[in-house]
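Dear colleague,

Please find below the structure that I am passing on to you.

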Amino acid sequence: MTTTSGTAPADADRATAAPPATARRGAYRRLSVEARRAELITAALGLFAHRAPEDVSLDDVASAAGASRPLVYRYFPGGKQQLYEAALRSAADELEGCFGEPRTGPLSGRLGNVLDRYLTFVDEHDAGFSALLHGGSVAETSRTSAIVDEVRRAAAEEILLHLTAEEPAEKPGARLRMMVRTWITAVEAASLIWLDENKQPPARELRDWLVDHFVALLTATAATDPQAARVIRAALAAEPAHGPVGALVRRVAPVFDEARHLL
């Protein structure tokens with residue numbers, strides 16, 4: 001009897017004890033360093049997409065990734081700032097991918113395709129995109145600003161390549177570069193206003209409006225810049241009458257007809 005009573009508690013302890021380490025490891029996914037880091041960045045992106053950086057904690061990221069806070073620190077010893085910059089870098093790479101477009105077909109169609117991808121990105125990252133471009137976030141640093149500027153430069157360079165495709169040996173001049181960068185600034189501003197206006201008008205209408213803006217800005221630049229004039233002549237020659245530029249000309253023609261007294 002003594003022996004039985006002495007061993008019963010030990011047996012009960014073993015029955016309720018945590019499973020051995022080998023069993024616990026079965027539930028933990030073994031990932032490479034790169035895969036685990038990418039998993040944490042993806043989880044962070046999902047949170048930063050819809051919440052300002054200051055509203056996201058490392059515990060939030062750990063929970064979203066099914067990980068622990070110490071594990072997040074293991075991969076990002078700089079804490080949330082380092083994780084935010086890594087997530088921003090990942091988002092910037094994705095956003096830069098929006099600008100790649102074959103240099104064939106009417107220019108308006110190419111711009112429309114780029115804007116479709118860009119506005120889809122804005123739509124899917126609404127609050128995070130707004131916080132990023134509005135600035136003032138506690139997570140904003142010279143490094144995060146440099147990442148955003150890099151995306152802007154990449155967008156400008158890609159558009160300039162399309163504009164000078166007919167004369168690849170000719171470098172874009174100052175006015176053409178300024179015109180493209182001005183348009184990119186307008187696109188960013190319109191995107192932020194679009195988010196503030198509950199994504200109205202519909203994305204397709206916003207896209208068409210931004211293409212119209214590009215054509216109008218290029219036309220105005222061409223009036224005083226020979227290079228822009230050559231670019232727009234080549235671009236207009238490739239536009240079909242039933243396309244967006246043809247529709248814009250038909251809408252604008254009556255307005256200019258009423259301004260004949262200015263000639």
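The axes of helix H3 (residues 33-48) and helix H4 (residues 58-65) cross at roughly 115 degrees and come within 9 Å. Axes here are lines fitted to C-alpha atoms, for helices over the stretch in contact, and angles run from 0 to 180 degrees between N-to-C directions. Helices (H or I, at least four residues) and strands (E, at least two) are DSSP runs, numbered from the N terminus. On the H3 side, the contact (heavy atoms within 4.5 Å) is made by Glu 39, Leu 40, Ala 43, Ala 44 and Leu 47. On the H4 side, Asp 60, Val 61, Ala 64 and Ala 65 take part. By class, this contact has seven nonpolar, two charged and no polar residues. In this scheme Ala, Val, Leu, Ile, Met, Phe, Trp, Tyr, Cys and Pro count as nonpolar, Asp, Glu, Lys and Arg as charged, and the others, Gly among them, as polar.

Please note that this is a predicted model, in which local features need pLDDT of at least 70 and side-chain atom pairs count only at pLDDT 80 or more, while totals for chains, interfaces and linings use all residues. Residues are numbered from 1 along each chain as its sequence is written, and side-chain values use heavy atoms, with hydrogens and water left out.

Confidence is given as pLDDT (the predictor's confidence in each residue, from 0 to 100). The chain has a mean pLDDT of 83, and 83% of its residues reach 70 or more. Confidence is highest in helix H11 (residues 203-222), at 97, and lowest in helix H2 (residues 21-27), at a mean of 37. Over residues 1-28 pLDDT stays under 50, and the model has five contacts beyond four places in sequence for this stretch. Where pLDDT is low, the predicted coordinates should not be read in detail.

As to the overall fold, the chain contains 13 helices and zero strands. Of its 263 residues, 38% are buried, where buried means under 20% relative accessible area, exposed over 50%, and partly exposed in between (1.4 Å probe, protein chains only). Among contacts between residues at least 6 apart in sequence, 66% join residues at least 24 apart.

The largest nonpolar core has 63 residues, of which Leu 163, Trp 183, Phe 214 and Leu 218 touch the most other members. Helix H10 (residues 174-196) supplies the largest share of this core, ten residues. Such a core is a set of buried Ala, Val, Leu, Ile, Met, Phe, Trp, Tyr and Cys residues joined through side-chain atoms within 4.5 Å. Leaving aside residues up to four places away in sequence, Phe 214 touches Leu 107, Leu 111, Ile 159, Leu 163, Met 179 and Trp 183.

The loop between H10 and H11 deserves a separate paragraph. Most residues other than glycine have a negative phi, and most peptide bonds are trans. In this loop lies Asn 198, whose phi is positive, near 60 degrees. Asn 198 counts as exposed because its relative accessibility is 65%. Lys 199, found in that loop too, has a positive phi of about 60 degrees. With a relative accessible area of 25%, Lys 199 is partly exposed. A cis peptide bond, with omega about 0 degrees, joins Gln 200 and Pro 201.

Finally, Pro 244 lies in helix H13 (residues 244-257) and is partly exposed, at 39% relative accessibility. Pro 244 touches Ser 108 and Asp 212, not counting residues up to four places away in sequence.

Yours sincerely
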